[in-house]
Amino acid sequence: MTNPFRLREELEHAQLENQTLKDELNRLRAEKKELEADYLSLFSTLQKYERLVQSTTMLIEMAVDPDQDFNKIILDTAFELIPEADYGSISIIKDEDWLFVYAAGHNLEALKSIPFKKSYFLDPRDVDSTLFFDSNVFVVPEAWSIQNMPEEVYRRYREAVLPVRESAVVQIDLANQIAGHLSLDIGTHEEKHFSKESLKVMEALGSITSAFFAFQRLSKLQEEFQREIILSIIRIVEIHDTYTKGHSEHVASISLDLAKEMGLSAEVCRQVYWSGLVHDIGKILVSQSVLNKPDRLSDSEFEMIKNHPVWGYEVLTHSKELREIAIFVRHHHERYDGNGYPDRLAGEGIPMISRILTVADSWDAMIRDRAYRKGLSREVAIDEIKRNVGLQFDPNVAKAFMRLCAKGAL
Ligand SMILES: [Fe+2]
């Protein structure tokens, strides 16, 4: 007969083993869950970084396109990658001033109109309650930086911004100096905080913004350098042709005003300005005695002068940087009615930039004093432009010109 005690013992032992197995199973289940959670979080992090890389590539491409608003793109990217953020802003430091250049949630127009000084904003490092994340990223409590504001500025500031409980701030560096701030905010109505992962993303966005600022500065310097070289050449043309003194720069600036008034893109405005600067560069090939002749020109002399747009065009097509605007220079003496030169193009067949140059060039030529006659008065010159709308001038460009005159901009 089986010993009942032994049976009981075996049963208890089996129950115990069963419990151990159950515990083990539960432990494994929990571990599996944990692993799954880890995997999901890793996957979401991976996805975020993938998006960050995509955004970075996109931002770099956009950085070279002046028509894209980099500040908007960087803040939109920040909102996409950092879900805790409710509002945000980008501000830059210029000499002693502090300028808000972009904001989401807060009132950007109001912020732009307030004369903030750099000294009104404390360095987050000097605020006791600041939490450091890394050398450039800070989490700061509400109203962290505004203790230094004069009362009136502070009042306007409070009106312009939504109430904030916590901000994550990353400093934008340029040439080892703080050039601005990218700030993301959590509203007072929210209980959340910025996660470590979000602050890491913030750090990356700060680096992208710093790189963009450096890139912008470099391309500005490069453009300034090119402008100086071109101006030196223009000054040689001006020595050659005394009448053009200052004319090229005037035409460039009037043309730029016209292009802006017509709502043309930043890239087209840039081309307009450069075309204006070099539009008469072909005159260097016209003999000085013809250019500076105070008397009426003979037919053959006039034919020689009429070559300058084509000569300018040919010179510019040899320049890698200026090739794209050569065609606008070629056509700056075409007329809207088709009676101009060199190719007798008409209406919309003339490139838009050339049609803008024509108005600016004629205006400056009319009001400018010459060796043998005084320039026309503004009123007479304006009438002359009006009289030639549809003949010499594009009606749309002439309209923009009249609007500028009415505003007193010319
Ligand atoms: Fe010309």
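Here is a walk through the salt bridges of this predicted model. Residues are numbered from 1 along each chain as its sequence is written. Local features need pLDDT of at least 70 and side-chain atom pairs count only at pLDDT 80 or more, while totals for chains, interfaces and linings use all residues; side-chain values use heavy atoms, with hydrogens and water left out.

Let's start with the general idea: side chains of opposite charge can pair when their charged atoms come close. A salt bridge here is a side-chain nitrogen of Lys or Arg within 4 Å of a carboxyl oxygen of Asp or Glu. Searching the whole structure turns up 27 salt bridges.

One of them sits inside helix α5 (residues 196-240), where lysine 200 and glutamate 203 are three residues apart, about one turn of the helix. Helices are DSSP runs (H or I, at least four residues), numbered from the N terminus. The side chains of lysine 200 and glutamate 203 meet at 3.7 Å, N to O. Lysine 200 is partly exposed, at 44% relative accessible area, and glutamate 203 is partly exposed too, at 25%. Partly exposed lies between buried (under 20% relative accessible area) and exposed (over 50%), using a 1.4 Å probe and protein chains only.

Now look at arginine 403 and glutamate 261, whose closest N and O atoms are 2.6 Å apart in a salt bridge. This pair links distant parts of the chain: arginine 403 belongs to helix α14 (residues 395-407) and glutamate 261 to helix α6 (residues 247-261), 142 residues apart. Arginine 403 is partly exposed at 38%, whereas glutamate 261 is buried at 19%.

Finally, Glu24, Arg27 and Glu31 are joined in a network of salt bridges.

Conventions. Helices (H or I, at least four residues) and strands (E, at least two) are DSSP runs, numbered from the N terminus.
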